[in-house]
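Subject: Structure handover and what was found in it

Dear colleague,

Here is the structure I promised to pass on, with the sequence alongside. Please open it first, and then read the notes that follow with the model in view.

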Amino acid sequence: MKVFFLYLLIVVNNETYYWEKITFGFTLLPFTCEEAFQREVTFKNSKVFYENKRVMGHYCQDEFGNYWNGNKEKLDYDIR
C-alpha cells in the first residue's frame with residue numbers, strides 16, 4: 001500500500017494561516033497529488049475551499065517526507 005499526505009494551506013485571516021494534513025492511501029489504482037487535491041476541495045467563484053475554509057496552496061509528501069506528485073506510471077500515462 002502506498003501512503004502519501006496532502007498538505008493544504010488554510011487561510012483564516014490576513015495574518016493567520018495553518019497547514020492541514022490529509023492522509024491518502026491506495027493499493028491498485030494509483031492517483032496523483034493533483035487528483036487528491038481535486039477530490040478534497042470545492043471551487044466557488046474561482047476560490048478554493050476545504051470544509052468551508054479558504055485554501056491558498058497545496059503540496060504532497062510521501063511517507064518518507066519526499067515531495068510526491070504521483071506514481072511515475074500514472075504521470076507518464078497522463079502526459080500521452
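A nonpolar core, as the word is used here, is a set of buried Ala, Val, Leu, Ile, Met, Phe, Trp, Tyr and Cys residues joined through side-chain atoms within 4.5 Å, where buried means under 20% relative accessible area, exposed means over 50% and partly exposed lies in between, with a 1.4 Å probe and protein chains only. Please keep in mind that this is a predicted model, in which local features need pLDDT of at least 70 and side-chain atom pairs count only at pLDDT 80 or more, while totals for chains, interfaces and linings use all residues. Residues are numbered from 1 along each chain as its sequence is written, and side-chain values use heavy atoms, with hydrogens and water left out.

The core

The largest nonpolar core has 17 residues, and those with the most contacts inside it are Phe4, Leu6, Leu8 and Val55. At least two residues of this core come from each of β1, β2, α1 (33-40), β4 and β5, and the largest share, four residues, is supplied by β1. Helices (H or I, at least four residues) and strands (E, at least two) are DSSP runs, numbered from the N terminus. As background, nonpolar side chains tend to be buried together in soluble globular proteins.

Two residues let you follow the packing by eye, if contact is taken as heavy atoms within 4.5 Å. Not counting residues up to four places away in sequence, Leu6 touches a list of residues that includes Ile22, Phe24, Cys33, Ala36, Phe37, Tyr59 and Cys60. Phe24, found in strand β2, is buried, with a relative accessible area of 10%. With the same exclusion of residues up to four places away, Phe24 touches Lys2, Val3, Phe4, Leu6, Phe31, Ala36 and Glu40. Phe24 and Phe4 are 20 residues apart in sequence, yet their C-alpha atoms are 5.4 Å apart in space.

The sheet

Five strands form an open sheet in the order β2-β1-β5-β4-β3, with antiparallel pairing; two strands count as paired if DSSP finds at least two bridges between them. The edge strands, each of which pairs on one side only, are β2 (17-26) and β3 (42-44). Strand β1 (residues 2-11) is joined to β2 by 10 bridges, and Phe5 stands opposite Thr23 in β2.

Two bridges join β4 to β5, where the bridge partner of Phe49 is Arg54.

The turns

Which residue in the turn of the β3 and β4 hairpin has a positive phi of about 50°? That residue is Asn45, and the hairpin has two residues between its strands. Most residues other than glycine have a negative phi, and Ser46, which is not a glycine, has a positive phi of about 60°.

Charged residues

The structure holds two salt bridges, a salt bridge being a side-chain nitrogen of Lys or Arg within 4 Å of a carboxyl oxygen of Asp or Glu. In one of them the side chains of Lys2 and Glu63 meet at 3.8 Å, N to O; Lys2 lies in strand β1 and Glu63 in the loop between β5 and α2 (72-79), so the pair ties together parts that are 61 residues apart in sequence. Glu63 is partly exposed, with a relative accessible area of 36%. Lys53 and Glu51 also meet in a salt bridge, at 3.9 Å, N to O; Lys53 is partly exposed at 29% relative accessibility, whereas Glu51 is exposed at 53%.

Asp62, placed in strand β5 (residues 53-62), is buried yet has no salt bridge, and the nearest side chain of opposite charge, Lys2, is 4.1 Å away. Leaving aside its neighbours within four places in sequence, Asp62 is in contact with Lys2, Val3, Phe4, Phe5 and Trp68.

With best regards

Note on methods: Lys and Arg count as positive and Asp and Glu as negative; His and the chain ends are not counted.
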